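Reader: I am new to this subject and would like to learn how the terms are decided. Could you take me through them, one at a time?

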Amino acid sequence: MKILVVCDGFPPEFAPRMGYLCKYLSRMNCTAEVVCEQYSDDRRFDFLADATSRVKRIRFFRSLKMPKPRAEWGTLMLRDLFFHYKDKRLVREIKKDTSFTGYDLVLCSTCRTFPLRAAASLAKHFRVPLVADLRDIGEQYPDNSYLAHRLPFASFFIRHQLKERNRVLKKAAAVVSVSEWHRDFLKRFNNNTHLIYNGYDQELFFPDHRHDSCFRIVFTGSIIHSTLRNPDWVFEAVSRLKKEGVISASDFRLCWYVEAAGKPILQNLAQKYGIEEVSECYDFIPATEVPALLNRSSILLQLSNIADAKGPKGIMTTKIFEALAVGKPLLLVRSDESYLAALIERYHCGLAAQNVESVMEFIKAQYQKWKQTGSTAIAVAPEIGQLYSRAGQAQQFLQLFKQILKDG
């Protein structure tokens with residue numbers, strides 16, 4: 001089987017889902033060629049850059065730094081809004097290169113709307129089915145916080161983009177997304193919608209616990225917006241435990257591996273709660289270094305918010321599955337009272353916090369356990385690998401592709 005993968009980004013940029021998919025499809029007698037946007041200078045997934053033999057990158061922005069300059073970003077959004085600039089250019093680039101040929105199927109993976117329109121055009125051009133993989137959708141966010149910049153026409157732009165997305169979804173042979181909420185929501189536009197979770201690579205993430213002289217609560221990710229991820233309870237809990245003498249600055253650390261824009265937010269919170277000496281901010285690290293970091297941690301922190309009408313919906317990040325895989329206690333702050341909380345309860349792997357006091361009790365219990373035994377390890381459920389591995393994810397995609405081609 002030969003697949004054309006049309007996506008918004010591909011490793012070494014932050015695009016693990018398609019990177020891992022191509023890695024494992026290549027082991028299943030399946031060829032994937034990729035066309036994507038060259039979006040940033042992020043190289044966290046360098047090791048997946050060779051997951052497929054061919055990647056064509058199309059650069060739309062002059063700057064590869066993140067976030068994009070407001071003026072350039074806004075101008076491109078307007079060109080996209082009125083003229084479908086990015087989609088049309090991507091299609092032109094592929095059509096004029098006649099070596100792109102012989103595909104059985106087009107797979108489009110995106111966290112926005114682009115490049116769905118381009119993928120639909122290319123599927124029509126090659127006379128093959130289109131499968132749309134949506135990792136995120138605008139409706140999952142409580143506001144427009146996922147946009148890189150605030151613009152006066154943002155609401156109009158979003159409505160237009162969602163209308164365009166839904167038009168393509170209705171024509172797709174199948175749609176895939178990453179949580180039960182996403183699947184059920186997208187069935188409004190295409191009844192042949194499937195759930196394939198984000199996952200973790202079993203070759204990288206497994207229990208390999210390392211001794212550390214400090215008890216470390218570790219967060220890796222982005223501090224996007226307080227309505228999505230609010231760390232206040234963590235800072236308040238650590239501050240109160242420190243004042244009560246439960247934890248000591250000599251062997252306790254709150255470690256944040258975040259984007260540059262998130263550091264001032266966390267540093268200001270540390271100052272506000274008087275815990276500067278135990279709160280440390282670091283840059284993102286390469287993905288290959290993350291397993292060792294998680295294995296030498298004592299608590300793995302996930303940030304969320306309640307999944308109600310005003311909160312985030314259906315967000316199940318790759319990091320929750322990587323945390324499950326290494327067998328370390330998970331602390332979800334605050335509980336989404338939805339899928340993430342249910343996952344933690346199902347595998348008895350931590351706490352989905354509903355108040356600051358519960359955060360304090362959880363940290364205190366794990367800290368005392370670490371003091372007594374030197375470890376905070378927990379058992380990894382055997383079915384984790386079967387349900388959430390990247391290899392299993394690739395097998396699910398391949399089975400779906402075969403069914404679509406069989407049905408004609």
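Reader: Why is strand S1 (residues 2-7) called largely enclosed by the rest of the structure?

Author: First, this is a predicted model, in which local features need pLDDT of at least 70 and side-chain atom pairs count only at pLDDT 80 or more, while totals for chains, interfaces and linings use all residues. Residues are numbered from 1 along each chain as its sequence is written, and side-chain values use heavy atoms, with hydrogens and water left out. A strand here is a DSSP run of E with at least two residues, a helix is a run of H or I with at least four, and both are numbered from the N terminus. Buried means under 20% relative accessible area, exposed means over 50%, and partly exposed lies in between, with a 1.4 Å probe and protein chains only. Five of the six residues of S1 are buried, so the strand is largely enclosed by the rest of the structure.

Reader: How do you know that S1 pairs with strand S2 (residues 31-38)?

Author: Two strands pair if DSSP finds at least two bridges between them. S1 and S2 are joined by six bridges and run parallel, so they meet that requirement.

Reader: What makes the unit of S1, helix H1 (residues 16-25) and S2 right-handed?

Author: A crossover is right-handed if, with the strands pointing away from the viewer, the path from the first strand over the helix to the second runs clockwise. S1, H1 and S2 make a right-handed β-α-β unit, so the path over the helix runs clockwise in that view.

Reader: Why does one side of strand S10 (279-282) and of strand S13 (350-352) lack a neighbour?

Author: These strands belong to an open sheet of six, ordered S10-S9-S8-S11-S12-S13, with parallel pairing. S10 and S13 stand at its edges with a single partner strand each, so one side of each is left without a neighbour in the sheet. Further inside the order, strand S8 (residues 215-220) pairs in the parallel sense with strand S11 (residues 299-303) over two bridges, and Ile 217 has Ile 299 as its bridge partner in S11.

Reader: Why is Val 234 called buried?

Author: Val 234, which is found in helix H7 (residues 232-243), has a relative accessible area of 0%, and this is under the 20% limit, so the residue counts as buried. Contact means heavy atoms within 4.5 Å, and Val 234 touches Leu 254, Leu 301, Leu 303 and Val 333, not counting residues up to four places away in sequence.

Reader: How do you know that Ser 239 is buried?

Author: Ser 239, also found in H7, has a relative accessible area of 4%, again under 20%, so the residue is buried. With residues up to four places away in sequence not counted, Ser 239 touches Tyr 273 and Ile 275.
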